[in-house]
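Please look over the sequence and the model below before reading on. The paragraphs that follow go from one loop to the next, and then to the packing of helices.

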Amino acid sequence: MHTVVVGPSDVNADDVLAVARGGARVELSPSAVEAVAASREVIDALAAKPEPVYGVSTGFGALAVRHISPELRAQLQRSLVRSHAAGMGPRVEREVVRALMFLRLKTLASGRTGVRPVVVETMAELLNAGITPVVHEYGSLGCSGDLAPLAHCAQVLMGEGLAEGPGTGEEGSEGTIRPAAELLAEAGITPVELREKEGLALINGTDGMLGMLVMACADLARLFTSADITAALSLEALLGTDRVLAPELHAIRPHPGQAASAENMRRVLAGSELTGHHQDDAPRVQDAYSIRCAPQVAGAGRDTLAHARLVAERELAAAVDNPVVLPDGRVESNGNFHGAPVAYVLDFLAVAVADLGSIAERRTDRLLDKNRSHGLPPFLADDPGVDSGLMIAQYTQAALVSENKRLAVPASVDSIPSSAMQEDHVSMGWSAARKLRTAVDNLARIIAVELVAASRAIEMRQWGNPNASPAQATREILKATREAGVQGPGTDRFLAPDLAEAEAFVRSGGLVDAAESATGLLA
């Protein structure tokens, strides 16, 4: 099994994905343990002093004015975690919770939070045992970080609350939800008795929204490539021209994402005998925007994704807590837990996702409209009138596009005061992340519908012109799509299974793999 070694400052996006999705084991480097122990010495020294220090010997938030005596400080930390574990609604996905826990572990291991080594070591043990705290949909305002979700994880570290046990060992399997104390006992893990500062350090970070950003970036990298492929298939099916993909045209507008998308489409269409016939039977001077501007729209999304990845990299390099132990030994309060940098790009990605889905749906609609498809049968039906073809598949796609437009409304422009106006401006980054996950799922389905329509259209096009061969990449895609269980043209049948198979094919990367078998590696 793959192992991720966590040091004071060397975690990257691949590490997050390996732990969250791949079940990788976690180990702490000796330097991380040393850094944690050194910062704890600072906290212990402050705890012994009579002067109040926020998070060490005071209450929290609007209650920070109260000085807490030494005999009550363990209770203070327990009470903090218990009271903040106040989430409601459905459980969030296992991969999200594992990412959240791993990223909190990453910050604790930085030596900037002041926890004891046992806290970090026990959190690693939880991850390695496959014990996943039950975290709920609602409870985070994205400032001071993802408080309620992290508190539910901290509670399990204490041997309290509920958690999901390890699954059967099969990919995607889930365990049974049980009391955390039972699961820890079975795994031989001793619950942590929290001391000064530790409860606060466990819940004060942007880890949930950051974990979802990292996973969304990984998913979108594959989906942007998939969208370039289906756009190329639609261009081919509509007998469009690939001259608009020439590198010199994109060099004079030097957006890197646009050039990458155009090059992907050009390579997929290499050798096609279907492209360039838009002047033959139904003359048109130019292809429609949804065809001609595909690289510009997808490319803008790619550049947005590149920016989001840069923000994620910076946040992965951060130690987010309040207060923090600085390298010179000072313990300072700060506002680094505010989720605005992450929230903004989560919302930005949702806008790009909505637009990419929108242009894909327009291409699908064009393929199905006999007045704009340049010779294809209405709705790509076998016997139009008797058969409805893909009419309602486009309805489903349109519904998904419409939902993504609603999900593109930014969460980060909202703020709602909390903690008696002490926390009077919040990021709503968790909410931005949650809606982006839904939008990304919808985008995979939207691309899948375009794949079903474009592949069927190309096969129908060949019936009328058997001597015009599609591109080599197209032939590989058609073969792999059919092998994946997506049926080709024919009389009407139960369509939902075809759409589900197409969605799985897109999500798994099968579409990209099929194209790359002919094109080589695509951007």
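Where is the place of P323? P323 sits in the loop between α13 (294-316) and β8 (324-325), where the names of helices and strands come from DSSP runs, numbered from the N terminus, with H or I runs of at least four residues taken as helices and E runs of at least two as strands. The model is a predicted one, in which local features need pLDDT of at least 70 and side-chain atom pairs count only at pLDDT 80 or more, while totals for chains, interfaces and linings use all residues. Residues are numbered from 1 along each chain as its sequence is written, and side-chain values use heavy atoms, with hydrogens and water left out.

The peptide bond that joins N322 and P323 is cis, with an omega of about -5°. As background, most residues other than glycine have a negative phi, and most peptide bonds are trans.

A420 lies between α15 (391-407) and α16 (429-464), and its phi is near 55°, a positive value in a residue other than glycine. M421 lies in the loop between α15 and α16 and has a positive phi of about 70°, although M421 is not a glycine. A420 is exposed, with a relative accessible area of 72%, and M421 is exposed at 53%; in these terms, buried means under 20% relative accessible area, exposed means over 50%, and partly exposed lies in between, for a 1.4 Å probe and protein chains only.

Other residues are hidden from the probe. G205, in the loop between α8 and α9, is buried, with a relative accessible area of 0%. L194, in the loop between α7 (180-187) and α8 (198-203), counts as buried at 3% relative accessibility, and its contacts beyond four places in sequence are A74, Q77, V81, R116, M158, G199 and L202. Q155, which is found in helix α6, counts as buried at 15% and touches V81, A85, E160 and G161, again not counting residues up to four places away in sequence.

How many disulfides does the structure hold? There are zero, a disulfide being a pair of cysteine sulfur atoms within 2.5 Å. For C153, the closest cysteine sulfur is that of C143, at 19 Å, which is too far for a bond. C153 counts as buried, at 4% relative accessibility, whereas C293 is partly exposed, with a relative accessible area of 23%.

We now turn to helices. Two packed helices are described by the angle between their axes and the distance between the axes. The axes are lines fitted to C-alpha atoms, for helices over the stretch in contact, and the angles run from 0 to 180 degrees between N-to-C directions.

Helix α9 (residues 207-237) and helix α11 (residues 256-268) pack at an angle of about 50°, with their axes 9 Å apart. That angle makes α9 oblique to α11, since angles under 35 degrees count as roughly parallel, over 145 as roughly antiparallel, 65 to 115 as roughly perpendicular and the rest as oblique. The contact is made by T225, D228, I229, A231, A232 and L235 of α9 together with S261, N264, M265 and V268 of α11. By class, this contact has six nonpolar, three polar and one charged residues, where Ala, Val, Leu, Ile, Met, Phe, Trp, Tyr, Cys and Pro count as nonpolar, Asp, Glu, Lys and Arg as charged, and the others, Gly among them, as polar.

The axes of α16 and helix α18 (residues 496-507) come within 8 Å and cross at roughly 115°, and α16 and α18 are therefore roughly perpendicular to each other. Residues making the contact include D441, A444 and R445 of α16, and L499, A502 and E503 of α18. By class, the contact of α16 with α18 has ten nonpolar, no polar and four charged residues.

Technical notes
Contact means heavy atoms within 4.5 Å.
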